[in-house]
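Reader: Before I rely on the labels used for a protein like this one, I would like to see how each is reached. Could we go through them one at a time, with the value and the cut-off side by side?

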Amino acid sequence: IARLILADGGRGENMILFDTKGSLHAGRKDIEADPRHYRKWELCLATNHKRVESEAEALKGADVLIALSTPGPDTVKREWVRSMAPKAIVFACANPVPEIWPYAAKEEGAFIVATGRGDFPNQVNNSVCFPGILKGALAVRARKITDGMAIRCAHSLAEFARKRGIGPDNIVATMEETEVFAQEAADVAMQAVAEGVARVQATWQEVYDKALADIAASRNATKKLMELGFIAEPPMEMLQSALDEAVAAVR
């Protein structure tokens, strides 16, 4: 995530990252010495130029927290959120329990809170991206999935949300808004074409229409199988949506 933010124009001097041993910075000789961690070392050099050491210090006045850590609910402390900038954004993505409960983050001043769970507002996890990325890559038989394709999918997701309207508790498309996956697929496919990694040429509209049709076919097939008793209904509608979109992505 940090690497893609940097690739999309994020400023490393404004970012502070942590692993299980502390903050990342150019003084982390343990990371520098291990060639297996070359990607992490790149982040050490690109971020945290002031060598902030603690989470509490890092979050003072911070605009955004993206947590992908140990499940909470007290991994992210209330006082850390309280010390952040006005209208702060908190992504607490650990599952099954986020690093801080959304209500607790809101009580401490967070303006936007997102988690990886579908039963809270603002679900931000790979379920809203991977079907579109895979479908787009397959539509043009892309040789690989590039950083540019992943970034284009993120922008596509954001554009979709802006067009249909957003609010503090509705910043991102849900799994039920199936049009988003067709839009992502078409945008990702066009990015693959632009980067020269596509083996097949197609127009944006061709990819969009095919993806939308495949999603509808997959949903209808799943519904019919449940009606006939060949598969049981899932305990939650969220699980049905996840299954449908995954199937549609790899058709």
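Reader: How much accessible surface does the protein have, and what share of that surface belongs to carbon and sulfur atoms?

Author: This is a predicted model, and its accessible surface comes to about 13,600 Å², with 57% of that area belonging to carbon and sulfur atoms. The C-alpha trace spans about 55 × 40 × 35 Å along the principal axes, and the secondary structure comes to 11 helices and 5 strands. Of the 251 residues, 39% count as buried.

Reader: Why is N48 called buried?

Author: The relative accessibility of N48 is 2%, and the label buried applies under 20%, so N48 counts as buried. This residue is placed in the loop between α3 (38–46) and α4 (55–59). Leaving aside neighbours within four places in sequence, N48 is in contact with G12, M15, I16, S23, L24 and H25.

Reader: Why is D30 called partly exposed?

Author: D30, which is found in helix α2 (residues 29–32), has a relative accessibility of 38%. Buried would require a value under 20% and exposed a value over 50%, so at 38% D30 counts as partly exposed. The side chain of D30 is joined to that of R28 by a polar contact of 2.9 Å, while the C-alpha atoms of D30 and W41, which are 11 residues apart along the chain, are separated by 9.5 Å.

Reader: How do helices α8 and α9 pack, and which residues make the contact?

Author: Helix α8 (residues 147–164) and helix α9 (residues 179–195) pack at an angle of about 145°, with their axes 8 Å apart, and α8 passes α9 in a right-handed crossing. Among the residues that make the contact are M149, R152 and F160 of α8, together with V180, D187 and E195 of α9.

Reader: What is the make-up of that contact by residue class?

Author: The residues of the contact of α8 with α9 divide into 7 nonpolar, 4 polar and 6 charged.

Definitions and conventions:
Residues numbered from 1 in each chain as written. Predicted model: local features only at pLDDT ≥ 70, side-chain atom pairs only at ≥ 80, totals over all residues. Heavy atoms only, no water. Helix = DSSP H or I, 4+ residues; strand = E, 2+ residues; numbered from the N terminus. Buried < 20%, exposed > 50% of the residue type's maximum accessible area, 1.4 Å probe, protein only. Contact = heavy atoms within 4.5 Å. Axes fitted to C-alpha atoms, helices over the stretch in contact; angles between N-to-C directions. Left-handed = near helix turned anticlockwise from the far one by under 90°. Nonpolar A, V, L, I, M, F, W, Y, C, P; charged D, E, K, R; others polar. Areas by Shrake-Rupley, 256 points an atom, 1.4 Å probe, with all protein chains shown as cover. Polar contact = N/O pair within 3.5 Å; in protein donor to acceptor, adjacent residues only side chain to side chain.
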